[in-house]
Amino acid sequence: MIGIAGTLESNDCIITIKDSDKLEITIESIVYDYFKEQIEAVILETLKEYKLDCVSVLCQDKGALDFTIKARLITAIERMK
Amino acid sequence: MRRSLLFIPGNNPSMLQNSDVFEADSIIIDLEDAVNITEKDSARNLVKSYLNTKKKFNSEMIVRINGMDTKYYQDDLNSIVSDQIDAIMLPKASSQNLAKLDEILTEIEGKNHLTKRIKIIPIVELASSLIEVNSIASSKRVDGILLGAEDFTSDMEVYRTKEGKEISYARSAIAVASVANHIEAIDTPFTDVNDFIGLEEDIKNSLQLGMKAKAAIHPNQIEIINRMYAPTPDQIVWAKQIMAALENANKNKLGAFSVNGKMVDKPVIERASKILKKAEIFNID
């Protein structure tokens, strides 16, 4: 199953999540060098809230703030289910 | 008390996170017309996540939910009703669906232990709603009424014009019902975002009919709306003269008095008092 949410507009991101045999997080961001850890932390915290650990998450980021990353991930999770 | 209410698309992170720089008195986060039908879930989650970023916002926070004739409104309410919002804006409002919304809000407020009572701003956008505008204005939690002219003129099968004759009656009816029920009449947005002269003329028409605030669909309309729905410097000077003369009359135990050759009676004093109250709220000297 796969879930996708978000856009590539400025300050947004597209989150793609699918089932996997292990946890994988891939981040493609226009601010990768500065915010990679921050983005990853938001994704990990949200996955923990939803008790998900065997998923593959791709975040294509265009400068999204934490609240946007979290919201898009939650929507992608809900759509995956 | 409001002058400007700015619509922000609920599925647009950039607009949401910048909403407080636009200096609108109220922000209307839109889950309805500004959100594609395939993205209702996404917008709802984004708005909920955004609202959780702060305990309190500088502007009044209003959320326009999807209509109660859709399958989305209950999820909208369950997601976003919280202490971070001040009001729900209800499309295609009727006294019947306002009563139902009041019940749902009471239930959610209790369940989530809210510390405030969420207000409702109904949108009058059907002929059937306009007929019962007084009932709508006197409904529980209603704090203001927005005229939805695009849907209203569509319902009436007439064309919208910049001159606005076709909505004069609707404006008047909403303004009268609002004043009678001590709530605010909020005018419909002016949809040509590049026509500032047209916007000013539209506001003049709405003010003349008793509208007290206006919704906006673009941030570049806010400055004009804030300026024109606030007391003018001349009005403030006049009001201060009236109140100073009143104070003097009371001190000297005078029953009747005049200012600039004109008799001052109770309606004049009330008008002056309201002007100064507005000036204080909007921080105008």
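These notebook entries record what I looked up in the predicted model.

**Conventions.** I worked from a predicted model in which local features need pLDDT of at least 70 and side-chain atom pairs count only at pLDDT 80 or more, while totals for chains, interfaces and linings use all residues.

Entry 1: Helices (H or I, at least four residues) and strands (E, at least two) are DSSP runs, numbered from the N terminus. Two strands pair if DSSP finds at least two bridges between them. Strands of a sheet pair through backbone hydrogen bonds, either parallel or antiparallel. In chain B, eight strands close into a barrel in the order E1-E2-E3-E4-E5-E6-E7-E8, with parallel pairing. Neighbouring strands of this sheet are turned by 25 degrees against each other on average, direction ignored; the axes are lines fitted to C-alpha atoms, for helices over the stretch in contact, and angles run from 0 to 180 degrees between N-to-C directions.

I then checked individual pairs. Strand E3(B), residues 60-64, and strand E4(B), residues 87-90, are parallel and share three bridges. Across this pair, Arg64(B) stands opposite Met89(B).

**Entry 2: strand E7 of chain B.** Which residues of E7(B) point one way, and which the other way? From this strand, residues 184-187, Glu184(B) and Ile186(B) point one way and Ala185(B) and Asp187(B) the other way. All of them are buried, where buried means under 20% relative accessible area, exposed over 50%, and partly exposed in between (1.4 Å probe, protein chains only).

I found E7(B) paired with strand E6(B), residues 144-147, in the parallel sense over three bridges, and Leu146(B) stands opposite Ile186(B) there. With strand E8(B), residues 213-216, E7(B) pairs in the parallel sense over two bridges, and Ile186(B) stands opposite Ala213(B). From E7(B) the chain crosses through helix H9(B), residues 196-208, to E8(B), and this β-α-β crossover is right-handed. The term right-handed applies if, with the strands pointing away from the viewer, the path from the first strand over the helix to the second runs clockwise.

**Entry 3: the sheet of chain A.** I noted an open sheet of four strands in the order E1-E2-E4-E3 in chain A, with mixed pairing. Its edge strands are E1(A) and E3(A), residues 24-29, each of which pairs on one side only. On average, neighbouring strands of this sheet are turned by 10 degrees against each other, direction ignored. E1(A) and E2(A) run antiparallel and are joined by five bridges; Ile4(A) has Thr16(A) in E2(A) as its bridge partner.

**Entry 4: positive phi values.** Asn11(A), in the loop between strand E1(A), residues 2-6, and strand E2(A), residues 13-19, has a positive phi near 70 degrees without being a glycine. Is Asn11(A) buried or exposed? Asn11(A) counts as buried because its relative accessibility is 17%.

Asn283(B), in the segment after helix H12(B), residues 266-281, has a positive phi of about 60 degrees and is not a glycine either. Asn283(B) has a relative accessible area of 73% and is therefore exposed.

**Entry 5: cavity and pocket.** On a 1 Å grid over the protein atoms alone, a cavity is a set of points where a 1.4 Å probe fits but cannot get out, and a pocket is an open set with protein on both sides within 12 Å along at least five of seven lines; lining residues have an atom within 4 Å of a point. Grid points are joined across faces, edges and corners, and a volume is the space filled by probe spheres set on the points.

My search of the whole structure returned one cavity of 30 Å³ or more. Residues lining the largest cavity include Tyr50(B), Phe57(B) and Met61(B).

The largest pocket holds about 1,300 Å³ of space. Of its 37 lining residues, the closest to its centre are Met1(B), Lys212(B), Lys274(B), Ile275(B) and Lys278(B). H12(B) gives the most to this lining, with eight residues.

Methods
Residues numbered from 1 in each chain as written. Chains lettered and ligands numbered in written order. Heavy atoms only, no water.
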